Amino acid sequence: RGGEKPMDFAYLNAVIKSTWLPPYDPWFSGGSLNYYYFGQFTVAALAKLTGIVPAVAFNLAIPWLAALAAAGAFTVAFNLAALAQRARSRGAGLRLPLAVGVAGALAVVLLGNLDGAAQLAQGLLRVSDGFPFPHFDFWRSSRLIHQPDCLPPDFARCGFEITEFPYFTFLFADLHAHLLALPYALFTLGAGLALIAAGAGAGAAFVPRGQGQQRTAPVTLAGGALLLVLALAVSALRATNSWDYPTAMLLAAGAILVAEWTRRGDLALPTWLWALLKVALVYGLAQLLFRPYLLHNVQFYDSLERSRWVTPLYQYLGVHGLFIVTLLVYLMRELVGLLQAVRPVGPALRMEASAAGGPQAGLAWGALAWAAYASAAASFALYILLARHEATAAFLLLLLALLVAVAWRELARPRPDSSWRLAGLGLAGLALGLGLGVEWFTLEGDINRQNTVFKFYLQAWDLLAVSAAFTLGLLLLPDSLPGAARPRWRRLLSRSWRTASLAAIGLLAVASIVYPVAATPEREGDRFATDFRSLDGMAFMARSLYSQDAQGPIDLRYDYEAISWMQDHIEGSPVVLEGITPLYRWGNRVSVYTGLPAIVGWDWHQKQQRWLYQHEVEARRGVVDTLYTTADQALTLALLRQYQVRYVYVGQLERNYYAAPGLAKFEAMAGPALEVVYRNPQVTIYRVRD
C-alpha cells in the first residue's frame with residue numbers, strides 16, 4: 001500500500017545521480033523529471049554532503065522532516081502567543097507561550113484524527129457483544145471520507161478522497177511531496193509572522209492612528225529583506241509541492257495586509273495600495289527566484305471544475321473536529337463579549353467602554369450592520385443546507401461568518417494584541433476557506449477529487465493546528481470584553497461555560513491521541529520482515545519472499561544481490577531494460593533501488609506527469625513487452641539501440657510475466673550483441689555491446 005513510495009525513492013536516487021537540473025526521469029528514459037522535485041533535491045543534497053547511501057538517507061529523512069515540522073509549528077505558535085502577550089502586558093512570563101508552542105508542535109506532528117477514537121469505541125462495543133477486540137486499522141483513518149450509498153457498479157458518484165494527516169504520513173514513511181512540503185509551509189507561516197512583527201515594531205502594542213503611533217517608512221531595509229525571504233519561501237514551496245502554492249500566496253497576501261494595517265493604523269486607500277504593491281513584489285520575486293525550474297516544468301492540470309461530490313459533516317468533523325471545536329469556542333466567547341458590551345439606550349444603541357479603550361462613534365450602527373450581515377450569512381447557509389444538501393458547506397459558511405464578525409471587531413475596535421489575534425483568525429479563515437473550496441470545486445482531471453481533498457485537507461490541518469493552539473492560549477486569558485459589573489449568576493454561568501468548553505477540548509485532544517498510540521505498533525508490524533530492525537531500506541529484501549503477485553512468488557534475495565552489484569559496479573546513468581507489472585507490484589524495482597532510467601516505469605504515474613503524451617507512455621509499455629516476448633533477435637537489437645538500452649535485466653519477475661522463448665533469445669544473443677556481466681541463480685544481467 002502506498003504506491004508513491006517506490007516512485008519517490010526512484011526519484012530521490014535519480015536526483016542524486018543527476019549531474020544537472022532538471023534531473024533525468026528514471027521512469028521515462030531520455031526524458032527529464034516533470035514533477036515538483038525540490039523536496040527530493042534537499043534530501044539528495046544532504047545525502048551527498050554526508051555520504052550516506054540513499055536507502056539509509058530515505059529513512060533518516062522522515063524523522064528529520066518531522067523534527068523540522070515540529071520546530072516550525074512550535075516557533076509560529078510560540079511567537080504568536082509571546083507577541084500577543086507582550087502587547088497586552090510588557091514583561092510577561094514565557095509559561096503561556098511555551099505551552100502554546102508545545103501544543104502547536106504536538107497538534108501538527110503528533111495528533112491523529114478522531115477515527116482512532118471511533119475505532120476504539122467500535123472495538124469496545126464488539127467486546128461487549130462477546131466478540132474479540134479487532135486489530136486497529138491504521139490505514140482506515142487515512143480514508144475517512146466515504147459515501148454510505150456508494151455501491152458498484154455506480155462508482156462515478158463515489159469519491160476516492162484521501163484524508164491523510166501529518167502523523168500518518170510520518171508513520172507511513174511516505175517521502176512524498178506533501179510530506180516534504182510541510183517544513184516549507186510552516187517556514188512560510190513564520191516568514192509572514194515576522195513581517196507582521198516588523199510592522200508592529202517587533203511586538204509593540206497596536207496604537208490606532210491619531211494616538212501617538214510612530215510612523216515608519218513604507219519599505220525599510222529589514223522589511224525588504226523579509227519580503228525577499230517570504231518570496232523565497234513561497235517559490236520553494238511551489239517547487240516542492242505545487243498544490244501548496246495558491247495557499248502560500250494567499251497567506252503571504254494576508255500577512256502583508258495585516259502588517260500594513262498594523263504599521264499604518266487604518267485600512268485607508270494608501271494601506272491597500274502599499275499592500276497590493278508588496279504582494280505584487282512577492283509574486284514577482286517568487287516567479288524570478290525559481291525561474292529555471294518554472295521554465296522546465298509543464299503543468300497539465302491548471303483548471304477547476306464543479307465538484308460532484310460532497311463531504312458528510314460528521315466525516316469532516318472526524319478529520320478536523322478538535323481544531324474546529326477550539327476555534328468555535330473562542331469565536332463564541334468573543335461574540336458573547338461583544339454582544340454583552342451593547343446596551344439599549346432609548347431608541348438607539350451604544351457600545352460601552354472596554355478595557356482596551358474608550359467608546360467610539362458609529363459602533364452602534366456597526367453592531368446593527370453586523371446583525372444584518374450575520375442574518376444574511378445564516379440565511380444563505382440554510383439555503384445551501386436545504387436546497388443542495390451540503391451540510392459541510394453550510395457549516396463552514398456559518399463558521400466563516402462568525403470569524404469575520406470577530407475579525408471586524410478587532411479592526412473596528414483594536415486592542416494592543418489585535419494584530420496577532422487577526423493573524424490567528426486569518427490562519428483559521430484560510431483553512432475554512434480551503435474546506436469550503438473543496439466542497440464546491442475539484443481539480444480538473446483528478447480522480448473523483450482524490451488528491452484535491454488530500455492536498456488541501458493537509459494544508460488546512462497545519463493552519464488549523466497552529467491557529468487552534470494560539471486560540472486555546474487566548475481562551476486561558478481573562479475575557480476580552482468584560483463589560484460592566486455582572487450579576488453573580490452570570491459570572492457563575494460564564495465560569496461554567498469556560499470549564500465545560502475547556503473540558504470538551506481536552507476530551508477531543510485525548511481522543512486525538514488514540515490514533516498515534518494504537519496505530520504505531522500496528523504499522524510497525526506491517527512489514528515484509530519483522531524479525532529485525534534496520535535503517536537500510538533495502539535490507540528487508542535479503543530475507544523476504546514477495547507473495548502478493550498473482551503471477552507467482554519472488555524470492556527477493558536474488559534481486560537484492562543483483563541490485564547491490566549494480567549499485568557498486570555501474571557508473572553514470574545508463575538505461576536499463578526491466579520488466580513491468582500492474583501498479584503496486586514489484587515491477588520496476590531496478591529503477592527504484594538504483595535510480596537508473598528504465599524505458600518506462602509505473603504507467604499511471606507517468607501518464608499523470610505527461611498527460612498530453614499518454615500515447616508515448618503506452619507505446620513504451622508495448623516496446624518493453626515486445627523486447628521480452630519476441631524471438632526476433634534483429635528486432636530486439638534494433639529496439640535496444642533505439643531506446644539506448646545499456647543493460648538488460650532478467651530475473652524471477654521477468655520469468656513470471658514473460659514466456660520462456662522470448663527470454664531465451666537474450667542468452668542466444670550473448671557474444672555478438674550482448675555480454676553477461678552478472679549472474680546468480682535467479683538473475684542474469686546482460687550488457688549491450690557498443
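Modeller: Start with a pair of helices. Helix 8 packs against helix 16, residues 418–440, at an angle of about 155 degrees. Their axes lie 11 Å apart. An angle over 145 degrees counts as roughly antiparallel. That makes helix 8 roughly antiparallel to helix 16. The two cross in a right-handed way. Which residues of helix 8 meet helix 16? They are Leu-189, Leu-193, Ile-196 and Ala-197. On the side of helix 16, the partners are Ser-419, Trp-420, Ala-423 and Leu-427. By class, this contact holds 7 nonpolar residues, 1 polar residue and no charged ones.

Keep in mind that this is a predicted model. The values here are computed from it.

Now stay with helix 8 and turn to another partner. Helix 3 packs with helix 8 at about 20 degrees, and their axes are 8 Å apart. Angles under 35 degrees count as roughly parallel. Helix 3 and helix 8 are therefore roughly parallel to each other. Their crossing is left-handed. From helix 3, the contact uses Leu-65, Leu-68, Ala-69, Gly-72, Ala-73, Val-76, Asn-79, Leu-80 and Leu-83. Helix 8 supplies Leu-182, Pro-183, Leu-186, Leu-189, Gly-190, Leu-193 and Ala-197. The classes are 13 nonpolar, 3 polar and no charged. Leu-189, Leu-193 and Ala-197 of helix 8 take part in the contact with helix 3. Those three residues also meet helix 16.

Follow helix 3 next. Helix 3 covers residues 54–88, and helix 1 covers residues 4–17. These two pack at an angle of about 120 degrees, with axes 11 Å apart. Helix 1 and helix 3 are therefore oblique to each other. Helix 1 passes helix 3 in a right-handed crossing. Helix 1 brings Lys-5, Asp-8, Phe-9, Leu-12, Asn-13 and Ile-16 to the contact. Helix 3 answers with Pro-54, Ala-55 and Phe-58. Here the count is 6 nonpolar, 1 polar and 2 charged residues.

Most residues other than glycine have a negative phi, and most peptide bonds are trans. Leu-21 and Pro-22 are joined by a cis peptide bond, with omega about 0 degrees. Pro-22 sits in the loop between helix 1 and helix 2.

Helix 9 spans residues 221–240, which is 20 residues. From its first C-alpha to its last, helix 9 reaches 29 Å. That is close to the 28 Å expected at 1.5 Å a residue. Buried residues of helix 9 include Gly-223, Leu-227, Leu-230, Ala-231 and Val-234. What do the buried residues of helix 9 pack against? Helix 8 (182–199) is one of the partners. Helix 2 (38–50), helix 7 (177–180), helix 10 (245–264), helix 11 (269–289) and helix 12 (291–295) are the others.

Pro-166 lies in helix 6, residues 166–172. Is Pro-166 buried or exposed? Pro-166 counts as buried, at 3% relative accessibility. Leaving out residues up to four places away in sequence, Pro-166 touches Val-108, Val-109, Leu-182, Leu-458, Trp-461 and Asp-462. Pro-166 and Asp-462 are 296 residues apart in sequence. In space, their C-alpha atoms are 8.5 Å apart.

Tyr-584 is in the loop between strand 7 (575–577) and helix 20 (589–594). Its phi is near 65 degrees, a positive value in a residue other than glycine. At 44% relative accessibility, Tyr-584 counts as partly exposed. Gln-644 is in the loop between helix 23 (633–642) and strand 8 (645–650). Gln-644 also has a positive phi, about 55 degrees, although it is not a glycine. Gln-644 is exposed, with a relative accessible area of 62%.

Last, step back to the whole protein. There are 25 helices and 10 strands. Of the 690 residues, 53% are buried. Take contacts between residues at least 6 apart in sequence: 75% of these join residues at least 24 apart.

How values were computed
Residues numbered from 1 in each chain as written. Predicted model: local features only at pLDDT ≥ 70, side-chain atom pairs only at ≥ 80, totals over all residues. Heavy atoms only, no water. Axes fitted to C-alpha atoms, helices over the stretch in contact; angles between N-to-C directions. Helix = DSSP H or I, 4+ residues; strand = E, 2+ residues; numbered from the N terminus. Parallel < 35°, antiparallel > 145°, perpendicular 65-115°, else oblique. Left-handed = near helix turned anticlockwise from the far one by under 90°. Contact = heavy atoms within 4.5 Å. Nonpolar A, V, L, I, M, F, W, Y, C, P; charged D, E, K, R; others polar. Expected span 1.5 Å × (residues − 1). Buried < 20%, exposed > 50% of the residue type's maximum accessible area, 1.4 Å probe, protein only.
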